[in-house]
There are 2 protein chains.
Amino acid sequence: MTYQNALIALADPTRRSVFEAVAQQPSSVASLAKSVPVSRPAVSQHLKVLQDAQLVSVTTAGRQRIYSLNTAGLEAIRTYLNQFWDDALGAYAAEVHRQTQT
Amino acid sequence: MTYQNALIALADPTRRSVFEAVAQQPSSVASLAKSVPVSRPAVSQHLKVLQDAQLVSVTTAGRQRIYSLNTAGLEAIRTYLNQFWDDALGAYAAEVHRQTQT
DNA sequence: CAAACACGTAAGTCATCACTTACGGTAAGT
DNA sequence: ACTTACCGTAAGTGATGACTTACGTGTTTG
């Protein structure tokens with residue numbers, strides 16, 4: 001369920017930039033807003049989407065909100081993608097079998 | 001460059017359904033259109049996006065176009081995501097180091 | 001050669017979404 | 001207490017994109 005949100009979250013370029021910045025180093029919202037060509041509220045909205053997708057986590061520190069990487073969303077995508085590697089192997093085996101049937 | 005297109009391609013639900021159907025079994029366009037609640041031209045458009053993202057490949061067979069799984073797009077996403085696991089490990093190590101500094 | 005099939009593409013429509021400004025609420029500084 | 005800093009949310013706008021119908025191209029069949 002969450003891998004769908006994670007894929008949608010990482011599809012947008014600026015939201016992906018925000019995510020990459022958070023992954024490199026836990027940061028506040030204002031700090032993240034400086035590394036991206038959009039307004040601070042826009043960054044907040046992106047962070048909400050990333051949080052729903054379990055790609056980032058928050059911790060309140062005084063009047064700051066420190067966002068950090070959450071691997072749960074990444075794990076969700078990875079397990080989803082692994083399924084297709086099995087499909088690829090199956091298809092390859094089937095092809096080999098077909099070629100062998102002279 | 002292609003991992004961005006791959007993420008965008010897999011973000012849409014119906015396009016993801018088309019991709020999953022192709023991964024399970026190489027199919028023609030008309031065949032795929034039956035497994036999804038949209039028109040045949042819509043499926044064609046989705047397949048174009050998937051092909052640009054190197055998630056599917058085509059091979060012409062008579063008047064049919066057989067689409068099959070292409071692991072290149074999947075590989076692109078995987079290597080992109082792996083980078084963040086390294087980030088997570090680095091952040092964890094830094095945290096351990098901080099906790100150790102009494 | 002004509003008819004039918006499989007498919008891609010063009011053009012247009014409608015909804016979703018990314019972004020902005022404006023506002024309210026909480027925590028720190030003076 | 002008053003001001004300043006940090007942040008989330010509401011409302012509105014513009015653009016992107018997913019979908020439809022209509023049409024053109026190439027391939028098989030009668």
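A residue is called buried if 20 or more other C-beta atoms lie within 10 Å of its own, exposed if 12 or fewer do, and partly exposed in between, with C-beta atoms placed from the backbone. The structure is a predicted model, in which local features need pLDDT of at least 70, side-chain atom pairs count only at pLDDT 80 or more, and totals for chains, interfaces and linings use all residues. Residues are numbered from 1 along each chain as its sequence is written, while chains are lettered from A and ligands numbered from 1 in the order in which they are written.

Of the 102 residues of chain A, 26% count as buried. Two residues are in contact if their C-beta atoms, placed from the backbone, lie within 7 Å. Among the contacts in chain A between residues at least 6 apart in sequence, 52% join residues at least 24 apart.

Helix α1 of chain B, residues 2-11, shows how burial can be arranged. Here B:Y3, B:A6, B:L7, B:A9 and B:L10 are buried. Seen down the axis of α1(B), these buried residues fall within an arc of 165°, so they line one face of the helix; the arc is that of the directions from the helix axis to the C-beta atoms. B:L7 belongs to this helix. Although B:L7 and B:G73 are 66 residues apart in sequence, their C-alpha atoms are 9.0 Å apart in space. Leaving aside neighbours within four places in sequence, B:L7 is in contact with A:L7, A:L10, A:A11 and B:I77. B:A6, with residues up to four places away in sequence again not counted, touches B:A53, B:L55, B:G73, B:A76 and B:I77. A nonpolar core is a set of buried Ala, Val, Leu, Ile, Met, Phe, Trp, Tyr and Cys residues joined through C-beta atoms within 7 Å. The largest such core has 45 residues, and those with the most contacts inside it are A:A6 and B:A6.

How do the two chains meet? The contact takes 17 residues from chain A and 16 residues from chain B. On the side of chain A that touches chain B, α1 (2-11), α2 (13-24) and α5 (71-100) each supply at least two residues. The largest share, 10 residues, comes from α5(A). By class, this side of chain A has 13 nonpolar, 2 polar and 2 charged residues. In this count, Ala, Val, Leu, Ile, Met, Phe, Trp, Tyr, Cys and Pro are nonpolar, Asp, Glu, Lys and Arg are charged, and the others, Gly among them, are polar.

Two copies of a chain are related by a rotation about an axis and a shift along it. A rotation of 180° with 0.0 Å of shift along its axis superposes chain A on chain B, with an RMSD of 0.0 Å. That is the relation of a two-fold axis. The same surface serves both copies, as 94% of the contact residues of chain A recur in chain B. Copies are superposed by least squares on the C-alpha atoms of residues with pLDDT of at least 70 in both.

The DNA strands come next. A residue is near a strand if its C-beta atom, placed from the backbone, lies within 6 Å of it. DNA strand D is surrounded by 21 residues, the closest being A:S28, A:A30, A:P41, B:S39 and B:G62. The residues near DNA strand C divide into 7 nonpolar, 9 polar and 5 charged.

A:Q54 has a positive phi of about 60° although it is not a glycine. A:Q54 sits in the loop between α4 and β1 (56-61) of chain A, and is partly exposed, with 19 other C-beta atoms within 10 Å.

Technical notes
Helices (H or I, at least four residues) and strands (E, at least two) are DSSP runs, numbered from the N terminus.
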